[in-house]
Structure formats: structure tokens, C-alpha cells
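Keep the viewer open as you read.

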Amino acid sequence: MEFLIIFAIILPVLSGAALLFSKFEEYKEVNNFSTAVIAFTAAVTVVSNIVNFGKGCSMLRLPMSMTLAFSVDALSAVFSTMFVAIWLLVGIYSREYFKTQPNVKRFMGFYLMALGAVIGVACAANPFTFYTFFEMMSLTSFMFVLNNQSRNSIAAAKKYIYYSIFGALCGLAAIMAFYGSDLIGTKEFVAGGSLVRELGGRMPLVALITFIAIFGFSCKAGMFPLHSWIPYAYVQSPAPASAVLSGAIAKTGVLAVIRIVYFVVGADVLRGSWVQFAVLALSITTIFMGSMMAYKEKLFQRRVAYSSVSQVSYAVFGVMTLSSLGLAGAILQIIFHALSKNVLFLTSGAVTYKTGRAYVNELTGLGKAMPKTFVLFTLAGMSLAGVPLTGGFISKYYLAQSALSGNFAVLEFIGFVTIMISALLTAGYIWSVSSKAMFAHKDMEICEKSDINATMFVPMLILTALIFVIGVCPTAVMDIIGSIVASVGI
């Protein structure tokens, strides 16, 4: 049944290409085809994760012992399941949203191809395969930002692809350095790392290569100083595209860091090194900077975008504490941020779709007209801020604990303080939106009731419900995460 892994990747890629060249012109035809492909891909992916757990397969063998190969471990199962769930729910939301948007067929064609690419990234068995599908993901998602073809969207798309290419080239340089040397014992991802035991005097070289790889791939996660593309790309993209860019594609940057640190180099090799110090410092800087920018931002969708800059770097911080608590907290942060941020971007899209309003100060009283929308926004925002009984509280608890138990005592204490300050800033920039929308003064003008229909509401409701269901009953998820942490030996 190993062929199911490859089938889950190829199906949406070929279907997306077929849609682009199809004769479908009616909006309904495009949406029915896309939804069916995504739903079937999701089913195949979940079945593959179950029946192929612990197994792998090769798709293509190339010179120099390079292969396009895939495998299913606990980490790939978590990420691929999360990706297909997000793609399906956002795709359903899009059926209504794109009634007022241009270039629907083109968007959905690349939306399908990007799905195949992110599954390929999640299930990659080696760095070469990871890089190949990482680049495919960047190229297909580039078309999300370009979709409206306005002057601003073209400028944002250029910025997105330039940063993506630079980051990926850094990653490629590191992969080639590892492949072209005798530093690694195998070219596959190996839990705990695949470096040779005797490095001799080559540790400085290993550290440099590792830092270049982390620095490059973390561009997708929006880590400082490679973060500035995010507020432009997210704002100029349609809301469903912003949702998957932040909720899924940004997480591939963190996945890359996890694979490099725990499946290529090894946590023991990096613990106490300048690489750990440097990445921790960059992630702490990003957490604080992103929160401050979100707090000050007046444009609704850009506020949500800056929030992503901050929140995704929580996960990078957790990974680089090189502790079991940190890695567990990072994976939890990835999951719950993906759920929350999808709701927040879909909320901003719903507001624009229904009212055309774009700035926070224009949201006054809008909660009276769109109560369902802003209740979900507030609940998802509570998780971002780490309110108890939400998933975000669990992830931030683990991350805070890991910050107090690491090797860089002063730096990680600064990380702990930054997490606390960021949580307060998050509560501030979420509550300022909710309070304006939900608690307008009686003499303020209230819009006519114009809340979203079930096609948009149900996906947002499911995403929000998962935040609380997993937050209150996290045992099953924690068992899976525990197996990931145990496998890498920390």
C-alpha cells in the first residue's frame, strides 16, 4: 500500500494542472471539481498515514544516489493530516468567498497543486525530496499572491518569491554541503540525526552549514530578518490564500528546522553551540517584534499577518531549546496556531466579503451585524493569547516551561519574559478588535445584520471547535507528540 503515499501527492498536482487547462468556465463546475479532489486526497492521505506508518517508498532515483523518496512517521503524519484538513475546510469556505473574486479557476488549479506540494514536504524521506517539494510549494503558492493582478498584488508576489528563492537557495546550499561531504552517514532523515560519530575538527563547518539551512528555511516561517514579505503577501492574497499561507505553508519552515535539527544534525551536536544561541536570539526578537507590530497595526488583515510573524516564531524558539518540553510545545504551537490563524484570516475575509471594511476602526458595531463571525474570531484569538482551556494555553505552557530549563539560562529567561509579554500584546490586539465589534455604544451606527452563510461559517466553526476539543482533551495528540519526542532521543 506504499503507493498511496505517492498517489496522495500526485493526485492533486495532476488534477490542478488538468483544471487549469480544462474547459470548465462556470464557477460551480470549478468548485465542485476542486472540492471533490481535495476531499478524496484527504481521505487517501489519512488512510496512507494509517496503513503505511513506519514505511516508505521511492518515486524516482537520480544520479549521485539522490532519490525522491517518501515515508510516514509520526511527524509526517501530524503535518500531512493537518495540511489536508486545512485545505479541505478552507476550500469549502472558498466556494462562497470566490463568488466575488476574479480568476477562480486559476486560483483553484494552483490551490490543488500546492496541496500536493505540501503533502510532499510533510512526507519527504530525505533533504533532497524535502527541498524539491518545498520549491514546488513556493512556486504554486506564488500564484495565490498574484491572483488579483493589481499593482500591489504583483509587487507583493515579487517580494514573496524573491524571499522564498533566497531562503530555499540557502537551504539547497546546506543540503549540497551535507550531500557532498562525508559528514552524514546516510542521505535519509534519521530520528536523532545522521551525522557521523567522529567529526574531528569539523564541528565549526557543521555549525555553519546547519545555521545556513535553518536561516534559509525559516524565511517561510517569517523569522527576523526574513519576515518583511509576510504583511505584503498576506494582505494582497485572497483570504483563503492568506489562511493557508499562514496556517499551513508557514509551518513548513518550522518543519524544515525540526528535520534539520533532529533528523539530520542531532540535538546533542547543537546543544550549547553558537547556532542554538543565534537562532534562539532571532526567534525571541521575532516574537516581540511581531507582537508589537500587530498591536500597532490599523489594517485588519495586516494585523493578523503580523500576528503570524510573532506566533510562528514561538515554535522555532521551542525547537531550538533542544529539550523535550520545547519540541512538544513547538509541535503543539504549530497545530493550534494553524487552527486559530485560519479562523482569524477567514474572519477578515468574511468581513471584507460582506461589508468591504478593511480597517480596525471601521469594525465598530460590526459584531451586531455579524455576531457568529466575531464570536469565532474572539474564541480563536483566546487561543493565540494562551487563555486556559484552549489549545494555545497548552502549547505556551510547554514553551514557557522549556524556556526555564535550558542551557542558555539568561537568553532563555529572556525568551520566557518575551513569551509572557507577547501573550499580553496578543490579548490586546485581539480584544481591541472584539470590543470594537461586539460592544459598540448605543449611539453608534450599526450595520444591518449580514452574517455569513453556512458555507463560510461551518469550516470556521469546525476549526474553532478543534481548538477547544483538543485543548480540553489533549491526550491523543499528546501521545503522538510524545512518540515524536521519544524517537529523537531528547
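Helices here are DSSP runs of H or I with at least four residues, strands are runs of E with at least two, and both are numbered from the N terminus. The model is predicted, so local features need pLDDT of at least 70 and side-chain atom pairs count only at pLDDT 80 or more, while totals for chains, interfaces and linings use all residues. Residues are numbered from 1 along each chain as its sequence is written, and side-chain values use heavy atoms, with hydrogens and water left out.

Start with the pockets. The search runs on a 1 Å grid over the protein atoms alone. A pocket is an open set of points with protein on both sides within 12 Å along at least five of seven lines; a cavity is a set where a 1.4 Å probe fits but cannot get out. Lining residues have an atom within 4 Å of a point. Points are joined across faces, edges and corners, and a volume is the space filled by probe spheres set on them.

The largest pocket has a volume of about 430 Å³. Its lining counts 20 residues. Nearest the centre lie Ala-77, Val-78, Thr-81, Met-82 and Ile-335. Five helices each supply at least two lining residues: H2, H3 (74–97), H13 (324–355), H18 (454–472) and H19 (475–487). H3 provides the largest share, eight residues. What classes make up this lining? It has 18 nonpolar, two polar and no charged residues. Ala, Val, Leu, Ile, Met, Phe, Trp, Tyr, Cys and Pro count as nonpolar, Asp, Glu, Lys and Arg as charged, and the others, Gly among them, as polar.

The second largest pocket has a volume of about 320 Å³. It is lined by 18 residues, with Val-235, Ser-237, Gln-301, Thr-352 and Ala-358 nearest its centre. Helices H8 (229–236), H12 (300–320) and H13 each give two or more residues to this lining. H13 contributes the largest share, four residues. The class count is eight nonpolar, nine polar and one charged.

The whole structure holds three cavities of 30 Å³ or more. The largest cavity has a volume of about 130 Å³. Of its 14 lining residues, Pro-127, Ile-175, Phe-217, Ile-260 and Val-264 lie nearest the centre. Two or more residues come from each of H5 (127–145), H6 (151–179), H7 (203–217) and H9 (239–265). The lining has 13 nonpolar, no polar and one charged residues.

Two single residues come next. Ser-94 lies in helix H3. Is Ser-94 buried or exposed? Ser-94 counts as buried because its relative accessible area is 0%. Buried means under 20%, exposed over 50%, and partly exposed in between, with a 1.4 Å probe and protein chains only. Ala-305, in helix H12, is buried because its relative accessibility is 0%.

Finish on the surface. Met-1, Phe-3, Phe-7, Phe-40, Val-46, Val-47, Ile-50 and Val-51 form a nonpolar patch with about 740 Å² of accessible area together. Such a patch joins nonpolar side chains (Val, Leu, Ile, Met, Phe, Trp, Tyr) within 5 Å, and like charges within 9 Å, using residues with over 30% relative accessible area and no salt bridge. A salt bridge is a Lys or Arg side-chain nitrogen within 4 Å of an Asp or Glu carboxyl oxygen. Areas come from the Shrake-Rupley method with a 1.4 Å probe, and for residues only the protein chains shown count as cover. H2 (27–51) gives the most to the patch, five residues.
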